[in-house]
Amino acid sequence: MKILFVASECAPFVKTGGLADVVGAVPKALEPLGAEVQTILPAYPALAPQVADGDVVHEFADLFGGPARLVAARAEGLNLLLLDAPHLYDRAGSIYLNDSDQDWEDNHLRFGALCVAATMVALDGVAGWKPQLVHAHDWQAGLVPLLIKMADRSDAPRTILTIHNIAFQGLFPWTTKNLFNIPDHLFTHEGAEYYGQLGFLKSGLAFADKITTVSPTYARELLTPSFGMGLDGLLQARQHDLSGILNGIDLDIWNPQTDPVLPANYSARNRVNKRKCRDAVASHFGLSVEPDTPLFCVISRLTEQKGLDLLLQVLPNLVERGGRLAVLGSGSPELEQGFQSAAETFAGKVGVVIGYDEALSHLMQGGSDAILVPSRFEPCGLTQLYGLRYGTLPVVAQTGGLADTVVDATKENLKAKTATGVQFSPIDAHHLGRAIERTCDLFAKPKVWKAMMGTAMRTPVGWADSAPKYLDLYREVAAV
Ligand code: ADP
Ligand code: GLC
């Protein structure tokens, strides 16, 4: 089965969040099952080496203001189709934002071009390869199902759109539709139009054959006004085509037994070396850790979604209970400042690194006792899955994929030895504070904590369950 992935990021080449991890991992999990995936993505500067090593398989004389080409390359176990269009992608800094932290002014062209190129591959193929199905990810790929529909070809592949985060919808002025020749009869309330604007994500949701999202709970939440962010009505209308397939993680990259970043490796069976990792985190963040109180960590984008303002509110209690906190993240200036000033107030007890640091994130998963994820909404979340794998117990809000992946330490679950972390609900500072207290209480009982760590580390968090679900869906949609 041949599948074309369309995405704006892909680990390990270019990543701003979990989307990249998933887009980088799923094709590798599908390959042994007999699926052949090609992933089309923009050739940002980070992909220059792969472009240099690849083969040009298609040339566009003009793609929204300049020449472009598609370069096929095999790298890190992935088949890449890199859209090399320097006028759109050859820019320093963030792939989405300019120097003033605003969206690039031409993002509609940058990701529209990706969709146009993907549609060309979908309809005509490149280098003798033509997909049977297109799997588009998030708003940046959202125009593909619409453009394929517009082509009105009987041999067109069918399409799936995955919502990784409905908060980002790719809305642009209505005149943008003319750049893509979107006809009026498809630019409607049921189609590509969102209150007078062109919606990239909405176009995908309206015209894809099937829609998925990244956890079963989020699939249900999306049908409600509080989570659907204006698209719940459309999703309700399409609920029979919507399903949730839980994310997994790449077990080779996230493995405490082999992780090269850790000062000492450990496994579910032999965990003594986790202490050395803990010391390394403590020294990196300038923290004085105690043996009988937990070291919490946060590894996150600092945005409203992640609920970290709630954590700032209860930080004094966390410290009072003897807890320590290491934070790695970047995002909103208020939250960055909030955590930086907390680190000054609670010197030696709270440590903060503002920035994005993949290696440090591995060290923190290795050396922390618990990872805090108090998100207001969370389509799936990956850091709690890494936490499970590294025996860093997740303390999470009961929402989306967090609810689906962490087993709360209730009396019953502790007794049944199924508990892997702590969940809280409703999602507010008070209940987060209580969850932190519960975590401290559990940590103070080494036997209980160790049992939970064992269960967490043995929880299957790879793609073994979910990759076959994608393949089943592909087969159903493509009817092969
Ligand atoms: P989201 O995609 O909403 O940001 P996820 O939990 O799905 O949330 O994925 C976040 C990914 O980004 C994880 O791989 C996490 O380790 C990584 N990450 C987030 N912030 C940082 C950071 N500051 N430094 C390194 N990695 C980070
Ligand atoms: C999004 C979501 C996150 C999810 C990730 C990968 O960024 O915010 O919850 O894990 O996509 O699907």
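In the hairpin formed by E4 and E5, 2 residues lie between the strands, and Glu76 takes a positive phi near 50 degrees. The model is predicted. Strands E4 (residues 68-75) and E5 run antiparallel and are joined by 7 bridges. Within this pairing, Ala72 stands opposite Leu81 of E5.

E5 also pairs with strand E2 (residues 36-42); here the two strands run parallel, with 4 bridges between them. Thr39 stands opposite Leu80 in E5. Strand E5 itself, residues 78-84, is mostly covered, with 7 of its 7 residues buried. Leu78, Leu80, Leu82 and Asp84 point one way from the strand, while Asn79, Leu81 and Leu83 point the other way. The residues on both sides are buried, Asp84 and Asn79 among them.

Helix H14 covers residues 358-367, and because 8 of its 10 residues are buried, the helix is largely enclosed by the rest of the structure. The buried residues are Leu360, Ser361, His362, Leu363, Met364, Gln365, Gly366 and Gly367. Their cover includes two helices, H11 (274-285) and H15 (383-389). It also includes the strands E13 (295-302), E14 (324-331), E15 (350-354) and E16 (370-373).

Of the 18 lining residues, Arg275, Asp369, Phe443, Lys450 and Met453 lie nearest the centre of the pocket. By type, the lining divides into 7 nonpolar, 3 polar and 8 charged residues.

Arg238 is found in the loop between helix H10 (232-237) and strand E12 (242-244). Its relative accessibility is 12%, so Arg238 counts as buried, the cut-off being under 20%. The side chain of Arg238 reaches two backbone oxygens, that of Ala208 at 2.6 Å and that of Asp209 at 3.1 Å. Leaving aside residues up to four places away in sequence, Arg238 touches Leu205, Ala206, Phe207, Ala208, Asp209, Lys210 and Ile211.

Key
Residues are numbered from 1 along each chain as its sequence is written. Chains are lettered from A and ligands numbered from 1 in the order in which they are written. This is a predicted model: local features need pLDDT of at least 70, side-chain atom pairs count only at pLDDT 80 or more; totals for chains, interfaces and linings use all residues. Side-chain values use heavy atoms; hydrogens and water are left out. Buried means under 20% relative accessible area, exposed over 50%, partly exposed in between (1.4 Å probe, protein chains only). Contact means heavy atoms within 4.5 Å. Two strands pair if DSSP finds at least two bridges between them. On a 1 Å grid over the protein atoms alone, a cavity is a set of points where a 1.4 Å probe fits but cannot get out, and a pocket is an open set with protein on both sides within 12 Å along at least five of seven lines; lining residues have an atom within 4 Å of a point. Ala, Val, Leu, Ile, Met, Phe, Trp, Tyr, Cys and Pro count as nonpolar, Asp, Glu, Lys and Arg as charged, and the others, Gly among them, as polar. A polar contact is a pair of N or O atoms within 3.5 Å; within protein, one must be able to donate a hydrogen and the other to accept it, and residues adjacent in sequence count only if both atoms are side-chain atoms.
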